[in-house]
Amino acid sequence: MLRIFHSLPRTHKVLLLPVATMVTVLGTQKIIGVFDHADTAQTPISVASTATLSQSIIASAGDHAPTDGHDKASEPSTLQRLSDDIPLAQLKPLEVMDVDLIPQAQASEDIPAASSTTATGSTSAPATPLLAATALKSALALGASGHDFAANSDSDDDIGGTSYEDWTSDGMLDPNGDPELGSEIASHEQYVPEWQSYTIQPGDSFALTAERTLGLEYSDVTQILGAVPDKKVLTRWRVGRTFDYKLDENGQLLALRVMKNPRDGYLIERDSETAEFAYSPIEKAGEATQRMFSGTVSGSFALSAQSTGLSSAEVSELTHVLSKKLDFRRDARAGDHFQVLVESDMIDGQSLDSKILAAKYEGQRMDLTVVRNSADDHFYTPDGNGLDPAFDRYPFQGHYRISSPFNLRRHHPVTGRISPHKGTDFAMRSGTPIDAPADGRVEKVVNHPLAGKYIVIRHDNGYVTRYLHLSKALVKPGERVKMGQEIALSGNTGRTTGPHLHYEILVNNRQVDAMRVKLPDSQKLTGKALAAFKRQSENLLAKLDQGNSDEPAIAQVDPQKTQRGDDNI
């Protein structure tokens, strides 16, 4: 009979077989007894430690005497019988015993001998102790580590469990031994909603994301779309863009923050009483930052400027400004040096609304310094001479082919008759931006069956310009416009044979050839305007001189910050 010195949580059955019986205690294996045939006396062999395991088995096998009177030499040794391969199905149980009725053993030196009951029902003499006193103490010490006895009986079917500590059994949940304290503290913790960010993935839509991530119903989605003025900010998402949201402790949406661009967006919040969503505009504050860039011409001027760290838009503006007085193909040489002072708004580490404040070009064939005048937003030399002519030759940026020039003897392309063409047609796609060639005031914005949508502007020098076949007007009658301001988009309205811009210049109310007419001279500052410009340009010119070094870029922060919204957003 095997006595197990451990408290078990539920009833276990122990099956005693006529083989060497082993007990595993926390990974340590010990042979408790070796028994002969079921009919023989079951005398266990005490084993003190695993170090003497083989010696104990051999010695006990030699000392063990059969009980039926046979000669010991004629019987095979116990060790030989143990080495034989015996099928598991042929093993016979010796005894089945309920171990849940055995009281927990005490670690004492004197262990009472346990009487065993044989299969025939007779009671045998008390057996010797199953474990030596020292082995018992070792087993109890190992068992005191708090591990379950059954934890060592792993099999392949048990793989995949979890580990845990049951602290509630011994009152160790908290230092005071109160198992309810942990849950009580958790119940008194106040939930604080925090902003979370979501990155738009391929296939995402607002309705799908609102259901899966924001916990919104379809009625909530339609209510939000109806509240926001610009629905495109929610219906036209771009992969990689992000939006922010805030949920309550139940996973319900409290607020949603969606940006149209780095500066402008919407804050959508749920009303705590009505549960309705309302929006408020967001306009992030920008910090005015001035950056200095220096470079040397090597090959293309545009590539040289871009290598200093200037963005593509900044390089384009710089090239456009300097090209008004500098011919890069003829005057630029390798080794020419230039400095550029750029101002932009920094929002979330991103540069926005960049504009060139001043630039200096020092070349072998030409030197040029230009400064932006904040009064009219035009560029001048330090002595007040303007770079821009008083009237620009072309009302657009870039170059477009002339599809039909000014011609008073032109044959009409539709009727075939001689019909004067008193303007210049430029072949361009619909939607191309059209700019004002000079400062002036809008006189008319008209829809005409033949001319289509067209605009008339009267300029300050008395010239009048007209723009026909437009797709969209960006100005209204009576509005004041400046040179270079976008006023319309080209189109294909009215009677035309294809998309183009019909452009006219009128002098003394008569159409003239816009490509040949003499345009007014460039502007020049005088009087108080010149004095104010020189005071402003002193600081900018000083910064250009300080930036004349070998370093490609020098960042400087303007102490004056422009505020355009709530800084906390």
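Asn-508 is exposed, with a relative accessible area of 70%, where exposed means over 50%, buried under 20% and partly exposed in between, using a 1.4 Å probe and protein chains only. This is a predicted model, in which local features need pLDDT of at least 70 and side-chain atom pairs count only at pLDDT 80 or more, while totals for chains, interfaces and linings use all residues. Residues are numbered from 1 along each chain as its sequence is written, and side-chain values use heavy atoms, with hydrogens and water left out.

Asn-508 is not a glycine, although its phi is positive, and Ala-275 likewise has a positive phi without being a glycine.

The strands named here are DSSP runs of E with at least two residues, helices are runs of H or I with at least four, and both are numbered from the N terminus. The protein chain holds 11 helices and 25 strands. Of its 569 residues, 33% are buried. Among contacts in the chain with a separation of 6 or more, 61% are between residues 24 or more positions apart, a contact being heavy atoms within 4.5 Å.

Another loop, between β13 (367–373) and β14 (378–380), holds Asp-376. This residue is buried yet has no salt bridge, and Lys-482, the nearest side chain of opposite charge, is 7.2 Å away. A salt bridge here requires a side-chain nitrogen of Lys or Arg within 4 Å of a carboxyl oxygen of Asp or Glu; Lys and Arg count as positive and Asp and Glu as negative, while His and the chain ends are not counted. The side chain of Asp-376 does make a polar contact of 2.5 Å with that of Tyr-380, and another of 3.4 Å with that of Asn-373. Such a contact is a pair of N or O atoms within 3.5 Å; within protein, one must be able to donate a hydrogen and the other to accept it, and residues adjacent in sequence count only if both atoms are side-chain atoms. Apart from neighbours within four places in sequence, Asp-376 is in contact with Lys-482 and Gln-523.

Arg-257 lies over the face of Trp-195, 4.2 Å from the ring centre; the criterion is NZ of Lys or CZ of Arg within 6 Å of the ring centre and within 35 degrees of the ring normal.
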